[in-house]
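Hi,

Here is the structure I said I would pass on. Have a look at it first, and my notes follow below.

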Amino acid sequence: MRMEPRQGERIDRTKPVSFSFAGWKIDGFEGDTLGSAAFATGKRVFSRSFKYHRPRGLLCCSGHCPNCLMTVDSVPNVRVCTEPIRQGAVVEGQNVRWSLDFDFMSVTDKVGGPFTPVGFYYRTFIRPRRLWPLYEKFLRSAAGLGKLDEHAGHSRRYDTEHRKARVLVVGGGEAGRTAALAAAATGPGVVLVDEDARLNALQLQGVEVLAPARALGIWEGGLVPVDAGTVLYRFRAERIVVATGATEQPLVFPGNDLVGVMLPSAVRRLVRDFSIKPGNRAVVLAADDAGLEIVDDLSEAEVEIARMIDLRETRPRELVAQGGKGRVRRVLVDEESIDCDLVVASAGRQPAYSLLAQAGARIEFDSELGVFVPTELPSGVEAFGSVTGEGLGKIDPEPAYGGKGKCFVCVCEDVTTKDMKRAIVEGFDSIELAKRYTTTTMGPCQGKLCHLPSIRLYAKENRMYEAAIGTTTARPPWAPVELGLLAGRDLTPTRRTSMHWSHAEAGATIQWAGPWKRPYAYGEKPEDEVRAVHESLGVIDVSTLGKLFVEGPEAVALLERLYPNRFGDMKRGRIRYGVLTSDGGRIMDDGTIARLADDLYYVTTTSTGADAVTAWFEWWNAVWGYEAEVVNVTGAIAAVNLAGPQSRDALQRLTEADVSAEAFKYLDAHEIDVAGVPTLALRIGFVGELGYELHFPSPAGEYLWGRLVAEGARPFGLEPQRVLRLEKGHVIVGQDTDSESNLYSSGMSWLPKLDKDDFVGKYALEHLAQREEKERLVGFTMEEDVLPAEGAQIVIEGFPAGRVTSARRSEAVGVVIGLAWVPTDRAASGTRVEIRVDRLLRGARVTHGAFFDTAGERMRS
Amino acid sequence: MSFLLSCPFCGPRPVDEYAYFGEVTKRPGTSPTLRELTDYVYFRDNVAGVQREWWQHRTGCGEWFLAERDTRTNEVLEVILPEPSRRSPA
């Protein structure tokens, strides 16, 4: 029912657009919203209500109420009244069994009334308890909003943009525009945001206009996130101007949710923007001048006005809307019946103060106006226009009119006046409690249309003044926001070493290791890679190790105080294994420390510990102030471990430096050229064989890797490395130890040098040294060929008494080996313990030290 | 938490650029009793009011500094560069 083309309409009649609405093909025009086009073709039912499944139609047409929430192209809960029309869109009803016009679940409305009072679910479905999963399944499908499309995947991409503004104006009405122009006159940096897409075309001198965009809240520090569809602007503004205006409030009377009962704002938009005749015969019920002015629009649309009731003058005892099939047919005013198909009802306007309340303004009831207004604005936040209460008429209709039928206070959550009264009778005597019990104001509109009516009704029932009741707390966001927008894009960087693509080309299985991508193994059989390292030559990319330079005249003093180890006696070109402890004596990280010069040390950390160790070093040095600098070079320096009995020969072929056993001893650090690449070679043995950790500039990664492979080194991945280090009983900090493990319980009592003056953890370790540990980290060998899971229980006399932290099948040792925490009285070598493997208890023997090459001859050879 | 914190070098920046390292504690002197040690390692004052605390401009310049912050309002009264001391408590 489009009207003749009129001046100022928003639609372009030369550009038809069609889409599907609940299975029907709808033709509209560019400039329409999905909702206006559907309404123009005669669609009236847009949704079914939350609880009673009552048919609902357009109420506010401003994107506030829940009545037009529909699923558009698989995106649930889209307000079609403001969603721009687009060709081929698929719009479907939600919370519906069968169809919008005939919903099986509407039986809850017919019979449910007396049986589904407030709190019904809480009380009824609690027993029997075991049936709750069944109830829950049914209730979740029966009540609620749209469903997420689980297969939608990444259908949209969201971004976050950090922005600054001198003045941020929220709201593009008369007041907002005036404020923006005034601010622009004093300098640049003025931004205005508004929900209405039409303001996109607004030209204001010196003002940047963002529309459609919605300020979601005002957070601490003047942070205003602005929802602009697929971009979230995080604004920081020196001044925030709130000009959000006032929102028309629904009138509370029986039948006030029938399809055809609308707020004046809805009629105004339908007529003025979309040139739609909203009905044939209207009753206008209004409590302020702004509401009554709607008769002008109705007349223009040639709607017959059956009756206009100014509720300030007429005070009916009974006011009821009645209808059939959920649509309004007549209005009963006291005994008189007036036939109509449109009821335009307004209780007046309430300032939209939510943003101000979030910012910390006080919200007080203004008894002159009968509404809540903001007072005492926080610094940096200003309010202009009707949001302050300026220019509003007094709200004074009945909080609820009497009569027969359901009378809704909150249309989002289907809360009736009866529910509110019942909550009060049951003793929920604070508005905050009543809110939680009835869920009034907790639906999609977030109180925009029900907060004031709820409080007015509450005041009336309790015979209190509204001012004494106060408001419920306004929390952000001001309007529903898509979770995707808040999450933004996943910008966590994936870290790859400079040799990564060599691994990928070699067919490595790549796995995550913290933020890194690392090879798990290069073939189907990790044990072949283990054998290569034991028998000939292997090479592994260990660029992920944290690498730090500590340099300065007092570098040694700093390290001496950070580690329980001693470093002062270390000669140039030597390496020592170090463990970092906290001041509680617990193990934090481990690695190697090489002395490269008198005042220069090269420190390695675990792969995941690099950043934390750097921060830890720098923090302690902020406390102590040693003359030493800490530089994290993890990314700049690549590293490989060349390991196996042939590693010396292979390395010698690539360097002119003397790497013979006499010249390059175990735990030596030499700066040498390897295949022309300046390299720091560390002779250490994490995997237990003769080996060299080669550290060199990252850009040479693929080159040197290729040269080493060409020399016969078989690439090995993380899994073979885990087997190799386990055969040596080498601990992985964070896997075999946790935040409670200390050096004594982990079998490293040789490490701390308690005679040092001070180091981090010294005092705790002094106490721990005196104490018998409750449990110890030991090795074990399984009696049978079964592999316990990492984390498997150690069971003693039927009770869990410990846990397995690492376990692997070792070809070299010939049995399944592992590390485990056991009670101290079971920690002696040879003790038999039982481990739960697939529900069965399996025997294991406690061991100490390495499983393979126990004397360590191979790595020292 | 979305307040702005002033780095002594970089000026006011959103708080998510910083790492928080807790209130300033007093590291006990030589050979503390177990109780003194436990107090230092595990217990914090957790004041509702102004406290002095450690921050690092983690994703910025990396500097460690001290801030006087009101834990009730997140108002930062002062940021201070530490005055290191070999003997000073941490």
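Before the notes, one cut-off: a residue is buried if 20 or more other C-beta atoms lie within 10 Å of its own, exposed if 12 or fewer, and partly exposed in between, with C-beta atoms placed from the backbone. Bear in mind that this is a predicted model, where local features need pLDDT of at least 70 and side-chain atom pairs count only at pLDDT 80 or more, while totals for chains, interfaces and linings use all residues. Residues are numbered from 1 along each chain as its sequence is written, and chains are lettered from A and ligands numbered from 1 in the order in which they are written.

Let's start with A:T634, which counts as buried because 22 C-beta neighbours sit inside 10 Å. You'll find A:T634 in the loop between β35 (629-632) and β36 of chain A; helices (H or I, at least four residues) and strands (E, at least two) are DSSP runs, numbered from the N terminus. Leaving out residues up to four places away in sequence, A:T634 touches A:G546, A:K547 and A:A610. Contact here is when the C-beta atoms of two residues, placed from the backbone, lie within 7 Å. A:F549 is 85 residues from A:T634 along the chain, with 9.8 Å between their C-alpha atoms.

Next, helix α20 (residues 647-654) of chain A, where A:S647, A:R648, A:A650, A:L651 and A:L654 are buried. Down the axis of α20(A), these fall within an arc of 165 degrees, so they line one face of the helix; the arc is that of the directions from the helix axis to the C-beta atoms. They pack against β36 (637-643), β37 (669-674), β39 (691-697) and α21 (701-710) of chain A.

Then there's a helix pair. Helix α11 (residues 417-425) and helix α12 (residues 431-438), both of chain A, pack at an angle of about 125 degrees with their axes 10 Å apart. Axes are lines fitted to C-alpha atoms, for helices over the stretch in contact, and angles run from 0 to 180 degrees between N-to-C directions. That makes α11(A) oblique to α12(A) (under 35 degrees is roughly parallel, over 145 roughly antiparallel, 65 to 115 roughly perpendicular and the rest oblique). A:D419, A:M420, A:A423 and A:I424 of α11(A) make the contact with A:A434, A:Y437 and A:T438 of α12(A).

Most residues other than glycine have a negative phi, and most peptide bonds are trans. The bond from A:A211 to A:P212 is cis, with omega near -5 degrees, and A:P212 is in the loop between β10 and β11 (214-215) of chain A. Another cis bond joins A:P476 and A:P477, with omega about 0 degrees. Phi is positive at A:A22, near 50 degrees, and at A:Q446, near 55 degrees. A:A22 counts as partly exposed, with 18 C-beta neighbours inside 10 Å, whereas A:Q446 is buried, with 20 other C-beta atoms within 10 Å.

Finally, chain B. Its pattern along the sequence is β-β-β-α-β-β-β, and 13% of its 90 residues count as buried. The contact between the chains takes 22 residues from chain B and 16 residues from chain A. On the side of chain B that touches chain A, α1(B) gives the largest share, three residues.
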